[in-house]
Amino acid sequence: MSSTTTRRKSNTFYVILIAGAAALGGFLFGFDTAVINGAVAALAIAFNANSVQTGLAVSLALLGSALGAFYAGKIADRYGRVKAMMVASVLFTISAIGSGIAVGIGDFIFWRVLGGIAVGAASVIAPAYIAECSPAHLRGRLGSLQQLAIVVGIFIALLCNYFIAVSAGSAESPFLFGIAAWRWMFWTEIPPAVLYGMSALMIPESPRYLVAQKREPEAAKVLTKILGGNVLAKIEEIRQTVLRERQPRFSDLLRRNGGLLPIVWLGMGLSLFQQFVGINVIFYYSSILWRAVGFSEQDSLWITVITGAVNIITTLIAIAFVDKFGRKPLLLLGSIGMTVSLGTLASIFGTAPLDAAGNPTLSGSAGIAALVAANLYVFCFGFSWGPVVWVMLGEMFNNKIRAAALAVAAAVQWMANFIVSTTFPPILQYFGLGAAYGLYTTAAAISFFFVLFLLKETKGIELEDM
């Protein structure tokens, strides 16, 4: 084996290590947003919260995420990607501790919003750092680490919730040292949050940031480890790029006669439909959803674990096929699958007999059909609207407007997530599960025609040609 090949393999291994460390931010993103799933019912009991307060306890963190995403880029540009990761790590840790020691719904919401800010920051910093530290031939696969880390984080959070609830007997019951199990669910986030900060201390700063700060000798050392070869030429290329760039302006998104550019509307539409099909109801509320239709708490939590595993498998499928099949076919196929599976859930829950408390009860074949339909829905979302929307948002805008348009589309996505997450508990209480899934079915059906008639394929097109 030649020394050049050996060095290239060494460089690749090093890049994978630092990209994996950065992707821990994605893991915490998924973990933090899903960990509340197993604690929702216990929170409502512990704090005597009504359905609106419960909805806000889950969803207000998403407004924190919007705030974190908005400011993270500016912090990362001023102080560096690594320092921004360390700030996010501290916020994740404080949020996890605070959520577990909360004494009322108000301070619980405060701690969750703090965690939401960290989620938003991680959603911006990790992909930017990975892209800036990856060789071109590895960038796509390493970039997909972020999405994979998110769904693995969701799965591990649901798994932790399950084992804690089973060990304690229920989320409300005492667990270790006589402390309620739901509090321990939030504390399980502390170890990965601390590990994220420790990892950030051990990885190099982004070479692109170092060149922008005129710290070129440091950038050269990092690029030698990442790329090898003629790093001075690469530094010159980065320097020219930095000189040409200017801060994106939101005025770039406007047409000459006023109003947003059509492509920006399409990006916002993708973000809206990704959330309006109700996917986060599954990941935030599925444990109380299944309990509402007659499953035990332990069975409900185990179902959410299975759902998390399905989400990981389908994300891997999307990573494998998005460059082969194209973006548009996957979105269309996903819309059809979601419409059928959500429609099935709406029909099952809408026609199910009610118990004394007015909740639908599923038994026998109806319960099995609901389980299959719910996991089929997650499968259809996982190979299409989950990862593909992020792929398209990253490549459908031209170079001039990409950063500003992405900021708008991401903000719309967090807001849509907030709307869906906040409205689900009141809809469940006053109109029932059938009505909730009927709304999400309608959104899935409309999403098919949105993609069919308005979206253009971006597969194989250079970013400069968008």
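**Close-up views of a predicted helical model**

Of the 466 residues of the protein, 54% count as buried, where buried means under 20% relative accessible area, exposed means over 50% and partly exposed lies in between (1.4 Å probe, protein chains only). This is a predicted model, in which local features need pLDDT of at least 70 and side-chain atom pairs count only at pLDDT 80 or more, while totals for chains, interfaces and linings use all residues. Residues are numbered from 1 along each chain as its sequence is written, and side-chain values use heavy atoms, with hydrogens and water left out.

View 1. The protein has 19 helices and zero strands; both are DSSP runs numbered from the N terminus, helices (H or I) having at least four residues and strands (E) at least two. The mean pLDDT, which is the predictor's confidence in each residue on a scale from 0 to 100, is 82 for the protein, and 89% of its residues reach 70 or more. Over residues 462-466 the pLDDT is below 50, and this stretch has 11 contacts in the model beyond near neighbours in sequence, a contact being heavy atoms within 4.5 Å. Among the contacts in the protein with a separation of 6 or more, 80% come from residues 24 or more positions apart.

View 2. Asn48, which is not a glycine, has a positive phi of about 50°, and its place is the loop between helix H2 (40-46) and helix H3 (51-79). With 69% relative accessibility, Asn48 counts as exposed. Lys214, in the loop between helix H9 (207-212) and helix H10 (216-226), also has a positive phi, near 60°, and counts as exposed at 71% relative accessibility.

View 3. Ser300 lies in helix H14, which covers residues 297-325, and it counts as buried at 0% relative accessibility. When its neighbours within four places in sequence are left aside, Ser300 is in contact with Ser287, Trp290, Arg291 and Phe295.

**View 4. A nonpolar patch on the surface that includes Leu67.** Leu67, Phe70, Tyr71, Ile75 and Tyr79 form this patch, with about 500 Å² of accessible area together. Leu67 is placed in helix H3 and is partly exposed, with a relative accessible area of 43%.

View 5. The structure holds 20 aromatic pairs, counted for rings of Phe, Tyr and Trp (its six-membered ring) whose centres lie within 6.5 Å, with planes under 30 degrees apart taken as stacked, over 60 as edge-to-face and the rest as tilted. One of them, formed by Tyr162 and Trp302, is tilted, at 5.0 Å centre to centre and 45° between the planes. Because Tyr162 lies in helix H6 (residues 139-168) and Trp302 in helix H14, this pair ties together parts that are 140 residues apart in sequence. Tyr162 is buried, with a relative accessible area of 16%, whereas Trp302 counts as partly exposed at 38% relative accessibility. The rings of Phe175 and Trp184 are edge-to-face, because their centres are 6.2 Å apart and their planes stand at 85°. Phe175 is partly exposed, with a relative accessible area of 24%, and Trp184 is buried, with 18%. Phe47, Phe108, Trp182 and Phe186 form one aromatic cluster.

Conventions
Patch = residues over 30% accessible without salt bridge, like charges linked within 9 Å, V, L, I, M, F, W, Y side chains within 5 Å. Areas by Shrake-Rupley, 256 points an atom, 1.4 Å probe, with all protein chains shown as cover. Salt bridge = Lys/Arg side-chain N within 4 Å of Asp/Glu carboxyl O.
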